[in-house]
Amino acid sequence: MTPSERTRAIRDEFAHLVIAEEKNPYRDCIQGLANEPICVLALLKEAAELLAADRQERTLSLVTLDEIVLRLVENRPRVAIIAGSMDHPAHLLDREHALRAAVRIWENGGVPFLFGIPVICDGTAQNNIGQSYSLASRNQTAAMVNVNFEGHSYHAAWVISGCDKTPSGILSGLAAADVARKAEGRGAAPVWALMAPSHVLRGGSIPREASSRLAALADKAIREGHAELGRDIKENMRYILQCSSDEAFFGHLRRAVAFGLTTEAEARDLSNRLACATCHEKGGVCAFNGTGNSSRTLVCALGFTPRELELLTDAPAQEVIDGAMDGFFRCFNKPEYRVTEVLGRNFANAVRIHNTTGSSTNILLHLPAVMRHAGYDATIFDYERIQKETPVPELFAHSLTEGRDTWELALQFHKGAHRGMESLFKALGALQVPMDLDAPTMAGMTWGQRMADMEAPVSEDLGEKAIIRETPVRDMSGTLVLRGNFMSSAVVKVAGLTDDQRARFNKKYFVVRFYENEHLCNADIANPDLPALLDAMPVMTDAFVRRLADANGTPSPGGALESGLFFALVIAGQGPKAYGMPEMFAPSQNMRHHATLERSAILITDGRYSGVTKGPCIGHVSPEAFDGGGIGALQDGDILCLDLDTGRLDLMDGEAFIKGEAVREDREIAALREDMVTARRQRMETRQLEIAATSLMERTSTAEKGVVPEAVDRRATRRLPGQG
């Protein structure tokens, strides 16, 4: 069939498709019918110009105001295309994508609309005040999408799904609309949604001249007695160039300046050259397995993405959009495909996929948030329940140093070497992991139907280049929920721990070094005198140090960092209500690329972490310090015990510890240190003034429930499958 013949066949299939609902504002109210058709006409005129430019055989027939008005009155499918903003790399190709989607919506007898939302780039916002707006933007995105979707009475959404929090924010807003439409008296149709993830960003490489300068700096560091810094620089040079590796280089250069190995001007020039070589001009979602790609994984695992849209490397071709749009239209008027039902059926699937892919800890905020917007009483403890019911091995051999990043994953996908999410479902099923293959997906089919013709999940020809594996990479995977005597919960990404780190830090005792913000922690990490600063803490008496070394089974100490002692760098006052729950990426990245600290320290915060974070980073501590949580009462010299086997992080009784007894503190530490806690609270309130009042998250749930607005939290009463 020619493209024109295919278009006519589809037009015939959907010729009588009218959305079934009692009320139609475009029929019953005149103002929308007067206002909106010109917007549709302008969108389709621009789409027609695109078709003409690429010499498509088809034409957009009947694009007249009369026809648009008629379709609106008849209640033909009103489909909102939701795009992002041009100041985010993931959305640089949205306009073409949106126009091609509008073409097929019209050809299928629907009415296309387009609206965009602002999208904050977490990379741009890292390590500055922007991060205090990042998580808030997710909730604001949910509200903005909900307002526009409900205000203009759309039936469905084709979402160009970008980075970090935006996919979960958009999905939350649509889910909230679907919940509201169930209310008695609304007489409204359900909400249907399809998520089309933005294309993958091709990673950069270090320019030859910059590479030579970095290598020379590393060699100089080694020659002048700073071998660790030299090794750290050389290690980071192995990575593809992304904003995440740039951050590590930035930390290395700060240390080099502090050691007198280079000048501020030289470090600045080198940073500038790295920045210029980082992002491909077509943009996209960064190629590391951070929150951007974890969000792609999430919406795909939840069933909202057809296979052909899952791993784009460019703006999707018209025929790709056509096929996905046709499947989307076949979901209309079928209640099993409404947003809230698709979410409920696929929740456990999404948890298991999150585990096996080693995805971002941020998803433990975003997944509960989406589900609570959909009316489900979901928390991180539901994630934990599913995780414990069936432990899931790691099947994702993602690597930024061995040619196995997300760009390569996409290239393998387009060569037919795997089928993305379907391959993961198939591989987990073969390992007896209970995936729900009867759950609906927005391809208009169940997972089982989508996979019916699949034989091998991954081509054998890929060998070690395969990113999706059939044989587990290792048993350890996912994110662990921790409990403790000074907190209700926290999370740690065990998938981000090496086997050596898990063994090294498990069942060990850590001396607390407390910080009231990340910048103080960053300064300490970059400080050449950090070992002396740690040694100088009053608690570090000879007797205490010997006891700590003995308890951890480490050699007799000769200095804090060189001795095998362990430290907990605690950054409090970073929770959602206190400071917007920013990512502690800079300290985590600086610690990871500081070989001694990486071997001897863990990082703990009531803030959160970037999705690319690796190593012993414990976050989302609840209650947060601002709400009186115990993390805000810790101080230099406290002793914490981490037990990954039992999932506990506890404050120890210091006096008993000195005497050789490992006893958990049984007193309310915040009450014992009331004056200190009060003074810290006052400083947190002062620091809040740095954030605009419009973006404070004063009335939200805890991280355990996804940091959602109180009204959303209150309405989340529906039980999930398996909750009992």
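Here are some notes on the structure above, point by point.

1. First, the ground rules. This is a predicted model, with local features needing pLDDT of at least 70, side-chain atom pairs counting only at pLDDT 80 or more, and totals for chains, interfaces and linings using all residues. Residues are numbered from 1 along each chain as its sequence is written, and side-chain values use heavy atoms, with hydrogens and water left out.

2. On overall size, the C-alpha atoms of the protein chain fill a box of roughly 85 × 55 × 50 Å along the principal axes. The radius of gyration is 27 Å, which agrees with the value near 27 Å for a compact globule of 724 residues. That radius is taken over C-alpha atoms, and the globule rule is 2.2 Å times the number of residues to the power 0.38.

3. Secondary structure comes to 32 helices and 14 strands. These are DSSP runs numbered from the N terminus (helices: H or I, at least four residues; strands: E, at least two).

4. Buried means under 20% relative accessible area, exposed over 50%, and partly exposed in between (1.4 Å probe, protein chains only). Among contacts with a separation of 6 or more, 80% are between residues 24 or more positions apart; contact means heavy atoms within 4.5 Å.

5. Charges next: the protein chain has 79 positive and 95 negative side chains, and the centres of the two sets lie 2 Å apart. Lys and Arg count as positive and Asp and Glu as negative, while His and the chain ends are not counted. Each charge is placed at NZ of Lys, CZ of Arg, CG of Asp or CD of Glu.

6. Positions are in the numbering used here, feature names are shortened, and annotations may be inferred rather than shown by experiment. Residues 76-179 are 51% helix and 17% strand, residues 272-392 are 56% helix and 0% strand, and residues 569-657 are 25% helix and 26% strand.

7. The record also has a "coiled-coil region" at residues 662-689. In the model this span is 68% helix and 0% strand, with its end C-alpha atoms 42 Å apart.

8. Ser244 and Val612 are worth a look together. Ser244 lies in helix 12 (residues 243-258) and counts as buried at 5% relative accessibility. Val612 lies in the loop between strand 11 (601-605) and strand 12 (617-622), and is buried too, at 8%. Beyond four places in sequence, Ser244 touches Phe288, Phe585, Gln589 and Val612, while Val612 contacts Ser244, Phe288, Gly290 and Phe585. Val612 and Phe288 are 324 residues apart along the chain, yet their C-alpha atoms are separated by 6.7 Å.

9. Finally, some backbone geometry to check. Most residues other than glycine have a negative phi, and most peptide bonds are trans. Ser622 and Pro623 are joined by a cis peptide bond, with omega about -5°; Pro623 is in the loop between strand 12 and strand 13 (639-643). Ser153 has a positive phi near 55° and counts as buried at 17% relative accessibility. Lys507 has a positive phi near 60°, but is partly exposed at 43%; this residue sits in the loop between helix 22 (499-505) and strand 9 (508-515).
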